[in-house]
Amino acid sequence: METGSTNIITQSIDELEADFNHASLTKVLTQYIPQGKPRHGTHNRVTKLDKAQRMWTWRRFLDYLCALCSFLDAGDDIASIGVQSLGYRACFWLATNEPGRAKASAEHLQRLIQILENASNVPLERRLPFMRAVIEASAGAAKHRYILYQRKLKHTLNILEKELQSGTTSKETTVYNDLHTIVTASSEQVVGSAEAFFHSASYQNLVQLAATKQGVYKDLRHLVGRLCLWYNAASFVVRHATEFRQVLAGADVQVISQRDFEKKPIAIASTVQGVFAKVFRSQGPIAPMAGQRLAYCQPLLDALHTKPQRPIIHAEAAMAHYFSEKGLTFAYNDPYISCSKPSCYACMLYMRALPLDLVDRPYHGNAWLRWKMPVSRSDNERRDARILRDMFDFVRRDVESCVMGERYGRRAVFESTTGMSGQLPEV
Ligand SMILES: [Zn+2]
């Protein structure tokens, strides 16, 4: 047997999970950027849905529904939907990162489906009230989220204000003034104010400035995009409701049941070299080399020790696991698991490892320590062990190539192609 490799015959799931946690952590460390933002800079290629693919509209439709059912800041409240075909009707299964939030999201989803079903029977030009109903209900439930975006916009606009003091064009001043109306809007008017800005000439100017000057303008454009989420999502799902009328009609919404697990803090080694030694054992020079090259990650490791890191089952992993365990049939025979955010490194690996032949979904590539594989029935323990072992081996090869190739502490080169398919690095 290869030194440092795991042995699925003798290792329990708990031991394999402990190994995988350390492997995830080595990946987290290679992505750490000590200064600037973001603190986690993936060097994997970030991907979006492939617009050229046949079911693009359906997949986008589901991702938008997930976004409309996430009420807190995106990182804190993630929803996943998988749609099961029952022949005569459909069932929308819903999972959240925090199982306690799933019920409220499911009730909201049921309401949205009702609005969309009604909209699907009305000509396109008379659907404005339905779009307004979707925005009102969804943004109304997500007040914390848009207030946070408004606060971030205010902070970023203050930075722009200081920059503008050293010389400015009239275009920049107009953009600043128009963005200021969103910042000063009352909580009831923030989302509508962002939508009005989105339709103004100032937004086009902001897009141009973000492309040419980057920096603060890019951040402002991003935040305006966040605040326009409800408008963009609502107009998309209402516009396309007719195409999916058959699935929406009389559809049921169910929350997937998750087995409870012990949320004790994840145990990790205390030094960078120690973390790598857990994954690479005494194999070659990787652990001592990583200990030297990534020594700047020690403060991050210390912080992870100070604040207990408890495992989470990510929403899309839970959903994929559920469809796999129950052998459910996907609506339109399209094996797509939707989610309110692009997926992380481990979720993508996990979804590919399941025998479901899932369509790749958008992927941001960041690895997190707080990731737990959904637990199977006991008769699938052997399969789960194999999945964990394969994921561990993949991460180990990937991290080894990062350390040897000095690909750490930086972000992927930005790729402007929007229609690319999801690809994990070949290692
Ligand atoms: Zn994930």
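In the hairpin formed by strand 1 and strand 2, four residues lie between the strands, and Gly87 adopts a positive phi near 85°. The model is a predicted one, in which local features need pLDDT of at least 70 and side-chain atom pairs count only at pLDDT 80 or more, while totals for chains, interfaces and linings use all residues. Residues are numbered from 1 along each chain as its sequence is written.

The protein chain contains 17 helices and four strands; these are DSSP runs numbered from the N terminus, helices being H or I of at least four residues and strands E of at least two. Strand 1 (residues 79-85) and strand 2 (residues 90-96) pair in the antiparallel sense over seven bridges, where pairing requires that DSSP find at least two bridges between two strands. One of the bridges joins Ser85 to Ala90 of strand 2. Strand 1 also pairs with strand 4 (residues 338-339), again in the antiparallel sense, over two bridges; here Ile81 has Ser338 as its bridge partner in strand 4.

Together, four strands form an open sheet in the order 3-2-1-4, with mixed pairing. Strand 3 (252-255) and strand 4 stand at the edges and have a single partner strand each, so one side of each is left without a neighbour in the sheet. Helix 3 (residues 102-119) packs on the sheet and touches strand 1, strand 2 and strand 3; its direction makes about 145° with that of strand 2. Helix 15 (residues 315-326) also packs on the sheet, touching strand 1, strand 2 and strand 4, and its direction makes about 20° with that of strand 1. Contact means that the C-beta atoms of two residues, placed from the backbone, lie within 7 Å. Axes are lines fitted to C-alpha atoms, for helices over the stretch in contact, and angles run from 0 to 180 degrees between N-to-C directions.

Strand 1 is largely enclosed by the rest of the structure, because five of its seven residues are buried. A residue counts as buried if 20 or more other C-beta atoms, placed from the backbone, lie within 10 Å of its own. Of the 427 residues of the protein chain, 40% are buried by this criterion. Among contacts between residues at least 6 apart in sequence, 74% join residues at least 24 apart.

Conventions:
A residue is buried if 20 or more other C-beta atoms lie within 10 Å of its own, exposed if 12 or fewer, and partly exposed in between; C-beta atoms are placed from the backbone.
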